[in-house]
Amino acid sequence: MPKVQVFKPADFDKPDAPDLNGFNPVLLAEGDSWFTLGAIPSYNLLDGLDFPTFGAVINLAYPGDTVSSMEKVLKAGDAHRRIDVWASEFGHWVSDSAAYPLSAILLSGGGNDLIDAFPHLLKNPCDYTAIDATRVVDMLDTDALNQFDQFIAASFTGVVEFVRRNGGPNAHVPIFCHTYDVPTPNDAPATILGARVGSAWMFPRLVERNVPQVLWTVLAEYLLRHLAATLKNLALEDFHVVNTLDTITRAQLGARGESGDWSNEIHPNRSGYKKLGRKLAKAVADELGLQEKPDD
């Protein structure tokens, strides 16, 4: 099957700008590093998309973005590093009177919100050594977790309602999001040319709190499944949550680099993204009724 071609907004400012009329579907992607062209390593979930027809993706994603920041930039007067870029780009592609009629919108969000909230979700103080692995919920601050749920729900609702209210020619296109997959907390940060850059995301928090290693993977699994359940419970117009949990091979506990289908602690490698992309593409193709064109 033909692969999807991914474009950056800047591609459409060139004299030889792509002609989207030759593609089906035409998708707009917004989100975090799981969709990001500029992330390290330079591949992402969109690279795994494949359809029976030859599709295109306009990619607005930005590494490190949270769904809350995506929603905040749509509110007048809210200062954020991406207000000008994101609001103008998304508004142009979705709601401008001359906006191209999209087939669907893809969102990748909630993962960075979870990482940001992670240290606040852990009970403090807490004797984690006294907690059984079957009772991982006892590690968590239930009030903080409830606030996180409300935060995620409000953020996704704000983005979807912006499209429905201000989307112009794209006000009623289907919107899809994925549910990530379960990472293994490891001392495995991002790398550039094999050199470790910065730190991992979950691992240092767990070490700081003296959480026994036997609880690390069950905690990560609980939180990712909880996030997925929160997304699935959103009753929003033509909003499709694609379950991508249990799709890729988990990294081994203790890995300090690439392991299983993971490049680092929270980002899949090329094979992982291909598996995830195929699952997302199938959901989009089924909803849009895409069928392979017969040979002439």
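Leu 253 touches Thr 184, Pro 185, Asn 186, Gln 213, Trp 216 and Thr 217, leaving aside its neighbours within four places in sequence; contact means heavy atoms within 4.5 Å. This is a predicted model, where local features need pLDDT of at least 70, side-chain atom pairs count only at pLDDT 80 or more, and totals for chains, interfaces and linings use all residues. Residues are numbered from 1 along each chain as its sequence is written, and side-chain values use heavy atoms, with hydrogens and water left out.

**Around Leu 253**
- You will find Leu 253 in the loop between β8 (239-242) and α7; helices (H or I, at least four residues) and strands (E, at least two) are DSSP runs, numbered from the N terminus.
- Leu 253 counts as partly exposed because its relative accessible area is 39%, where buried means under 20%, exposed over 50% and partly exposed in between (1.4 Å probe, protein chains only).
- From C-alpha to C-alpha, Leu 253 and Asn 186 are 6.4 Å apart in space, while 67 residues apart in sequence.

**Around Lys 274**
- Helix α7 (residues 270-288) holds Lys 274.
- Why is Lys 274 called partly exposed? Because its relative accessible area is 41%.

**The whole protein**
- Seven helices and eight strands make up the list of elements in the protein.
- Buried residues are 52% of the 296 in the protein.
- Among contacts in the protein with a separation of 6 or more, 76% come from residues 24 or more positions apart.
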